[in-house]
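Hi,

Here's the structure I said I'd pass on.

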Amino acid sequence: MRRRLKSSIVVLTVLSAMLVACGGALPLPGGKTVTISMIYGSEKEAWLVPLIEAFNAEKNETEGGATIVVEATPMGSIVSGDGIVDGTLQPTVWSPASSAYVPVANMNWRQKHGEDLVLGTPNDLVLSPVVVAMWRPMAEALGWPEKPLGWADIAEMATSEEGWAAYGYPEWGAFKFGHTHPDFSNSGIIAVIAEAYAAVGKQRDLTLSDLEDPTLRSFMTDVESSIIHYGESTGFFANRMFERGPSYLSAAVMYENLIAAQEAKRLSGESDQPPVVAIYPKEGTPWSNHPYIILNAPWVTEEQREAAEIFEGFLLAEPQQRKSVEYGFRPADPSLALGPPLDRRHGVDPNEPQTILEVPPAEVIVGVQELWRAEVKKPVDVVVVLDISGSMEGKKISSARSSLVDFIDLMDDRDRLEVILFNDEMITLTDLSPLGEKRQDVRNRVSGVVERGDTKLYSAVELAYRELEEKGNPDHIRAIVALTDGQDTASTITLPELVNRIESQSESGDATKIFTIAFGRAADRDVMRRIAEITGGKQYDSDPETIGEIYAEIATFF
Amino acid sequence: MSSTPRLNWVLLLVYGSATIGVLVAAFISPAFRAIAYAPLRDLLVPPPQPIVVDVLYSTEKAAWIEEAVDRFQTSGIRVDGRPIELALSKSGSREMVLAVLDGEAEPDLISPASMLQISLLEDLSAARTDAFDGPVVDRKDVETCRPVLNTPVVLVAWKNRADVLWGDRPNGELWLRLHEAVTEEAWDVYGHPEWGFIKFGQTNPLKSNSGFQTFLLMTYNYAGKSGGLSNDDILDSDFQRWYREFGRNVTKFGDSTGTFMEEIVAYGPSRYDVVAVYEATAIEHIDNAVARYGSQYGGLRVVYPPVTSLSDHPFCVLQADWVAAEEAQAAQVFLDYLTSREIQQLALRHGFRPVDDTIPLSEAGSPFPRYEANGVRLDLPDQVEVPPGNVLNTMLEFWARNVQP
């Protein structure tokens, strides 16, 4: 993952937040207002959003008589921390999923500003331990709940050749594991740190020299090889697991509250998946503590600070704290009792965890991130399928070309890329091979693509699919990214044939994922959604303005 | 005939002057002021300006002092007919000492958590001849500077873990066992690998009083005495090695005592097994632990060191050029009010031990008897002697150089 991906996501998220804000709570003319912006970890969205609406409706005032307006944007905790440090994000309040990344943000901020970005010890809003979510039958097959399971057990499962067959369930196939992208999301970096701890058998004091250990490196690489794909946010990842079921993903790193919420859905009949349980790793696990941080940054005014403190008081007041339990959180207010859905019936155990896995110091966290990017991360084999039919002329083809070049820049040298261009014929611009050796050549050739002819979408996707089946490395994440602006007009196969072909292979989480981009209004969105969703991929609507953002989001999957 | 009107004029003048004199006297008299028609009264004689007393106090006693101030303000107590207005601000104990020394705060009445800080303030301000005419407090003058509440340092642990560590009865080896446990690193030595490493939290002695007291108790314990701590005891290299080893393994040196107590309850035993806090802080949270986890972990257990150190919450009137005579007088009146029986009983209900020893800890409304099963004691262990300022300074310097994370 390269820095550019992060900054482009940050910029685009801010733009969309501004658009939302413009349509939302604009102050009435005449009254004095003070607006505070807040960037927060998406896992607490369900609890937080109604509270912000209620707070804004109360028209709370500062001592100077200004009405306080709160505007909030959910974002991955790591990418938001980096965005604040480089100044592309300038919120008043930052509330990441946990304090884990705060020392890194402080370290980087100090280099520029000579002081800390986060002063003192901010208050926690709500608490939830980091856990491994696993389908209950699978957890039971591993001996849960009698046998305590840990990060090392998960790692062992992830690296086992036999998968579930070793436990008497060959029908479940391989152990399919998932966590979010450690450059974007708190639970992603926590998962990778936990792998490192498990590799050296420690529970605290992970050091930079531990990271040099070749056994640690090969251990982490093995664990990561069972990853089906990464993702931008923990909330999205949880939804993906709970929508698609056990054949897609066996287990994923997330927060206790997301499991309690899913089980509440299942028990009320909203979800027909099997039960899911929280495994509290026996070696210990870090907490997600949702600190409320009023930033020590030059863009935060005294009035905003005062307003932010008033909003903090509101969130920490008893009714709001009590409300958090309904969403599966443990309130930060120690005087409040825990209650449903925080109970065994909902797959979670309020008497766990028994101990913590210590979050290492800033330089070690950065070391883990770097190690992950350079060596440990699961590589991707991606086939990009690009429509170059006549209707793509003008701004469309130029934006498609330049954003594809940006997308290529986001990929690592170890990743393998193939590009197929299609109109009424199909041209393989570059074969599936490591990007490192051909990056500049591919960039040049993509930049020179011109449009003409008909649209042979199904045949092109089918070809890409076949290419990955034949040449793709099963140890890599495999994905197709297909962009078209129109309807299929010239394929030699029909849509049902294509769907059949993909469907037979796509049950499993480690099968090829297809991401489809409907470019402009003429594109056949229903067809593209169908193709994407049967693989566990995603369909996007796009245009020349947003295509960069879409490519950047797709890149967070790998 | 002609003299009669003349006499009337004289009489009128005499009576008139007398009437005005009585009226003016009446308006000035407090008894009259209280019942007079307010706008007329204020028009004729402006009300006396209140005497503003700046009170800087340590955060642990906030709940009690706020209630005490509310009662004081409605009591109608005055100095020379002038009402007293109390301007409260709170901070950490050590912070407030530094703020006064640096000239950032100019309170009339100061109340850190312990006489230790008063001792430091007295010695350091005496040494700062450039800024002060002499020491700004006099801890020997019990009239203007005296303890108001007592609360000892205790260890709070989850009962199941305290039982493993100390058995039924913690004894004189309490600190040695804690040192051993913390430096052993893991509960598996005690047969409980599932509890992970041993997590102990205390506040940073440079920032907070409870952390300093904990450090002091361990230092005394190592030296095998409870009084007469000297610089030699701290400079002893075996002691320094012993304490550094402990410091390296402390899970966290925090800023605030209250935060530790909140976290041990909010996070359960995963975050901290044992924390060093004040008895009053512990009492405040015992019920919360039960509400949160029921009988799981056996609730919280309060463990008293064999010899302890009291936070005696002194209130001291400052002797500095920014304290006017009437402010000193008003501060003294408030200090006397805080040691009145009513406000001392109020302190007991907040989990503090009153300095008024005629108030039994077992009296109605006291939380002490209620928590005896959690280890809360009605009697009080002996206390270590407060060392002189220069020894305290040596301790702080050692800590800052060798242990500070």
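First off, this is a predicted model. Chain B splits into three pieces: domain 1 (3-44), domain 2 (51-148 + 312-354) and domain 3 (150-311 + 368-402). The centres of domain 2 of chain B and domain 3 of chain B, taken over C-alpha atoms, sit 28 Å apart. Where those two touch, domain 2 of chain B puts in 22 residues and domain 3 of chain B puts in 21 residues.

On the domain 2 side of that contact, α5 (93-101) and α6 (115-127) of chain B each supply at least two residues. The biggest giver there is α6(B), with six residues. Sorted by class, that side of domain 2 of chain B, facing domain 3 of chain B, comes out as seven nonpolar, 10 polar and five charged residues.

Now for the sheet. Chain B has an open one of six strands, in the order β2-β3-β1-β4-β12-β5, with mixed pairing. β2 (78-79) and β5 (145-147) of chain B are at the edges with a single partner strand each, so one side of each has no neighbour in the sheet. Further in, β1 (51-58) and β4 (109-111) of chain B run parallel and pair over three bridges, and L56(B) stands opposite I110(B) in β4(B). Helix α4 (62-75) of chain B lies across β1 and β3 (82-91) of chain B, at about 170° to β3(B).

Last, the chain-chain contact: 19 residues of chain A meet 19 residues of chain B. The chain A side has nine nonpolar, eight polar and two charged residues.

Cheers

Note on methods:
Residues are numbered from 1 along each chain as its sequence is written. Chains are lettered from A and ligands numbered from 1 in the order in which they are written. This is a predicted model: local features need pLDDT of at least 70, side-chain atom pairs count only at pLDDT 80 or more; totals for chains, interfaces and linings use all residues. Domain bounds come from an automatic or database domain assignment. Two residues are in contact if their C-beta atoms, placed from the backbone, lie within 7 Å. Helices (H or I, at least four residues) and strands (E, at least two) are DSSP runs, numbered from the N terminus. Ala, Val, Leu, Ile, Met, Phe, Trp, Tyr, Cys and Pro count as nonpolar, Asp, Glu, Lys and Arg as charged, and the others, Gly among them, as polar. Two strands pair if DSSP finds at least two bridges between them. Axes are lines fitted to C-alpha atoms, for helices over the stretch in contact, and angles run from 0 to 180 degrees between N-to-C directions.
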